[in-house]
Amino acid sequence: MVFEAIVVGVILLALGYWATMFVMGRRDDVLHGKFVADEPAAEPVRPKPRVQSAPPAPQPNKDSLQALLTVIKQDLHDAARS
């Protein structure tokens, strides 16, 4: 009984593969078992221009970091109150 189920499963798998290839338009694969070669591109592929990296960001100074720290402390204080 198990052997028959395996054989039927393999046959169903083969039929599913055949039907899929037929629907997709790969009829040469279905009929002859040959794979269709891709058509070469009509236009040559042009290399993409190099992308320049962004300039490095300026290093923050002590005053801007201190101001940011003050703002963060105030936000945390306000959040703790509410």
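1. Val7 sits in helix 1, which covers residues 2-23. Helices here are DSSP runs of H or I with at least four residues, and strands are E runs of at least two, numbered from the N terminus. Val7 counts as partly exposed because its relative accessibility is 33%; buried means under 20%, exposed over 50%, partly exposed in between (1.4 Å probe, protein chains only).

2. This is a predicted model: local features need pLDDT of at least 70, side-chain atom pairs count only at pLDDT 80 or more, and totals for chains, interfaces and linings use all residues. Residues are numbered from 1 along each chain as its sequence is written, and side-chain values use heavy atoms, with hydrogens and water left out.

3. pLDDT is the predictor's confidence in each residue, from 0 to 100. The protein averages 80, and 76% of the residues score at least 70.

4. The fold reads α-α-α along the sequence. It has three helices and zero strands.

5. Helix 1 has 22 residues and should span 32 Å at 1.5 Å a residue. That span is 1.5 Å times one less than the number of residues. The end C-alpha atoms of helix 1 are 31 Å apart, which agrees. Just after helix 1, Gly25 takes a positive phi of about 90°.

6. Of the 82 residues in the protein, 4% are buried. The accessible surface is about 8400 Å², by the Shrake-Rupley method with a 1.4 Å probe. Carbon and sulfur atoms hold 66% of that surface.
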